[in-house]
Structures are given as structure tokens and as C-alpha cells.
Amino acid sequence: MQISFTLNGRPTTVDVEPATLVAELLREQLNLTGTHIGCDTSQCGACVVHLDGLPVKSCTLLAPALDGATLLTIEGLQGAPGSNQMHPMQEAFREHHGLQCGFCTPGMLMTAVALATEKPDLTEADVRHGLEGNICRCTGYQNIVVSVMAGAAAMNAAKGE
Amino acid sequence: MKPFAYHQPDGIPDAAKLLISIEDSKLVAGGMTLIPTLKQRLASPAALVDLSKLGSLKGLADGGTTITIGAMTPHAVVAASKLVQTKIPGLAALASMIGDPAVRSRGTIGGSVANNDPAADYPAGVLGLGATIITSKREIAADKFFLGLFETALEPGEIITAIRFPMPLKAGYAKFKAPASRYALVGVFVAKFADGVRVAVTGAGPGVFRVPPMESALSENFDPSAIAAIKINTDGLTSDIHAEADYRAHLVTVMAKRAVDAALS
């Protein structure tokens, strides 16, 4: 079947089998390998993308669900348009050492941006509850939580400018 | 996944027709259970009938003494609904505890209730509040709907369109999560109405069930202390890698007390 959607701001049309997962479509057909497949059982969250602005696990989403929708992947995350800067959440992860091996990071970032967008005044408890679906095997989460708090604050500051 | 045909009907009658006419077809709502099942090849339907184009199944309606939630309403919408937060805060709390944010973006109340997973959260809320399941054919009381392990009163081709919840005086939910899946090892929903209290338990057995001794004790005195001494029988409770039946029985009392606490706070 043919599906059309907006992918990181660009209109995209692809032919897919209905039994295609969005994570597969992104990585294997569209060559966007920033979306990682960790567990492939919807536990780990490495594959989180935004579907119409909401965080979803792309390993547990069928490609037909994209038809007519807007999809944002880690490749589409960016700082101020035209600035060639990283997104404030990405900057915060770099600044606060929110990653070690980096495998879970794309999903952490996408979940973190969704959390901060939904609730600008995030508490640490909100962050820990909100990251329940994202597993990191390196950091012990402490620096990730610190990064998300800092990234959320930076996103608020950027909004105010 | 094995290949399947994909249908996106734009009306309930069309969806029902597809379900009946295509042998071995399945409904897909949010897909949070079905897609993992397909990936593990535990199911390989010939066709999926996707309800996502049916906008009439999404959203919440304030009926004065009831709240009606469309079957395709995602958990995140119920959790964030001011209406539910104000009128049935226990139900909003339950929705906010399901899975994780990504699951709550996609997973739907109708899908959860139709699937009737023995450890899912919503069945406890639906049975605990004595809700009514509205389908493409009829209305079914929660007490007659959940029949056991993944079994419901739904007939072939029958589609849940909405769930109607009566507004309780107080209600609360507490669950002990299985840490990896965040399903309920045991979850208890408690609701107090003018004519009595309902207590529904998920996760502990092969299906959601009520606890009459706790209901009568709480109807007399709606306080955690009223049920502290009530132990439930381990017969028929689940024993598995996560917990033995006696531990689950213990957790039912603990979670019920916490649910009453939550309802009172």
C-alpha cells in the first residue's frame, strides 16, 4: 500500500507492506538509522519517535498508521531553525554527560523532548516517571535525569526569547 | 510478522462487516498488545481492521452523572482530561499508571477492555466503577462483561464503541507494578457510591474480580483500617515467575488499603 506523511518536515510517500513496522521502514527503507532498535519488544524505548507530536515506540507501530500523519525522528530534532545548532535537549545531554554508550540516547531525547513539551515545569519525579519506558544500561539514570531537567529549562528559556 | 491485509473502514457497520466476512481477521485499536503478539507470531491474522479512522470513537463526554469515554481514546487523553481528573480522579490516576508515556500515546481504553489481559489496569477501573460497555450491538454491564483469561462477553463482529462510567463519591486505584512490564502484579480499584462500595482486583488471578468481604466492610466504614484484617483466599490466584499466589493475596489487601487511602486523599 502507498502511504504519505510528513517526515521531519518533508512530504514523503512510500510503498510499504502493511506488516511493516515504522522502525523498520525508517532504518531499512528510508536510511534514517538514528532511530535505534534495542529490544524490539516495546520495553526499551530506544526507538521512540514523535507521531503527531506524541512519543510512540516505532517498533510497535505499523507503517499504515503514518498515513496522513506527521512524524519526527531524532534526525529532525534541531536547535533554532537555520542555526545549525543542536536541540537544547541534545545540548543538555552533552553538557551533563547524559549518555555513555549512546545507544538509548535517541529514544531518551525524543521522550525527554515530549515530556518537556507537555509539561514545562517538570519535577524530578515527573522525569523519572516519564522515563519509565526508556531503558539505559550504562548511566544509572542519574545524569539522564539531570540532563532532562536542564534541557527542559533550556527549552523554556528558548521559548521566552 | 506474517503478511496481512489492512483495512481502515470509516464506519462501525463497515468495520463489523469486514470482521465477519474475512475469516481470521482481527480488530486493531492502539495495537499495544496486538502488534507485539503479531511480532512474536503468537497470532497471524489474515487481515487487520484498523479503527483509527473512526473519529466518533475518540473523546470524552460529560453526561452529568456519568462520563462516557470513546473506545479509541488513548490512555494519555484520559489521564490528562480535566473532566476525569475532577469527577473520577481515581480513573485519571489509573490511566496515568498504564505502561509508559509512549504506550499511553497509542493504547486505547476500548482495546484494553476488549483484550481483557489478566494484568491490565483498565478492567479494574471498569469493574470497580461498575461501568457499562457500549458496543455496536448493545450495552453490557461490567459485571457481565469480563469472563476470564482474555475472555469477554463480546460476540464475533461486536465492537466496543464507548464505556460509560458512573461518577462515584470517591474512588482510588493502587497497583504494585511488575517492574519490567509495568503491568499490575496486583492492582486494586476501590469506588464508593451512595449505595455501597465496589472493590475490583486485577493482576492477581486469571481475570479481574470483586472482593465482597472488602466491599461490605468498606460500606460500613470507608477507611483502610476496615479491611486491614481481610485476607483473600489463594485458591485460583496466579503463581508465576513474578510472584506466588500467597504473595499476590497479601498484595491484594495492601493495595486495597492504599486504594482507599488514595480515594480519601
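B:L251 sits in helix α11 of chain B, where helices (H or I, at least four residues) and strands (E, at least two) are DSSP runs numbered from the N terminus. B:L251 is buried, with 25 other C-beta atoms within 10 Å; a residue is called buried if 20 or more other C-beta atoms lie within 10 Å of its own, exposed if 12 or fewer, and partly exposed in between, the C-beta atoms being placed from the backbone. The model is a predicted one, in which local features need pLDDT of at least 70 and side-chain atom pairs count only at pLDDT 80 or more, while totals for chains, interfaces and linings use all residues. Residues are numbered from 1 along each chain as its sequence is written, and chains are lettered from A and ligands numbered from 1 in the order in which they are written.

Leaving aside neighbours within four places in sequence, B:L251 is in contact with B:F176, B:L185 and B:V186, where contact means that the C-beta atoms of two residues, placed from the backbone, lie within 7 Å. B:L251 and B:V188 are 63 residues apart in sequence, but their C-alpha atoms are 9.3 Å apart in space.

When residues up to four places away in sequence are not counted, B:V188 touches B:A124, B:A174, B:V199, B:V201, B:V252, B:M255, B:A256 and B:A259.

The overall properties of the two chains can be set side by side.

| Chain | Helices and strands | Buried residues | Extent of C-alpha atoms along principal axes |
|---|---|---|---|
| Chain A | five helices, five strands | 46% of 161 residues | about 45 × 35 × 25 Å |
| Chain B | eleven helices, 14 strands | 49% of 265 residues | roughly 55 × 45 × 30 Å |

The radius of gyration of chain B is 18 Å, close to the 18 Å that the globule rule gives for 265 residues, so chain B is as compact as a globular protein of that length. For chain A, with 161 residues, a compact globule would have a radius of gyration near 15 Å, and the 15 Å of chain A agrees with this; the radius is taken over C-alpha atoms, and the globule rule is 2.2 Å times the number of residues to the power 0.38. Among contacts between residues at least 6 apart in sequence, 61% join residues at least 24 apart in chain A, and the figure for chain B is 61%.

Read along the sequence, chain A follows the pattern β-β-α-β-β-β-α-α-α-α. Chain A is divided into domain 1 (2-76) and domain 2 (88-160), with bounds that come from an automatic or database domain assignment. The centres of these two domains of chain A, taken over C-alpha atoms, are separated by 21 Å. Their contact takes 15 residues from domain 1 of chain A and eleven residues from domain 2 of chain A. On the side of domain 1 of chain A that touches domain 2 of chain A, the elements giving two or more residues are β3 (48-51) and β4 (54-57) of chain A, and the largest share, three residues, comes from β3(A). By class, this side of domain 1 of chain A has eight nonpolar, seven polar and no charged residues; Ala, Val, Leu, Ile, Met, Phe, Trp, Tyr, Cys and Pro count as nonpolar, Asp, Glu, Lys and Arg as charged, and the others, Gly among them, as polar.

Chain B is divided into domain 1 (1-50) and domain 2 (170-264), and 34 Å separate the centres of these domains of chain B, taken over C-alpha atoms. UniProt, in an unreviewed entry, places the feature "domain: FAD-binding PCMH-type" at residues 1-170 of chain B; UniProt positions are given in the numbering used here, feature names are shortened, and annotations may be inferred rather than shown by experiment. Over residues 1-170, chain B is 35% helix and 23% strand, and the end C-alpha atoms are 45 Å apart.

Between the chains, 21 residues of chain B are in contact with 23 residues of chain A. On the side of chain B that touches chain A, β1 (5-7), α2 (34-39) and α6 (101-106) of chain B each supply at least two residues, and the largest share, five residues, comes from α6(B). By class, that side of chain B has twelve nonpolar, four polar and five charged residues.
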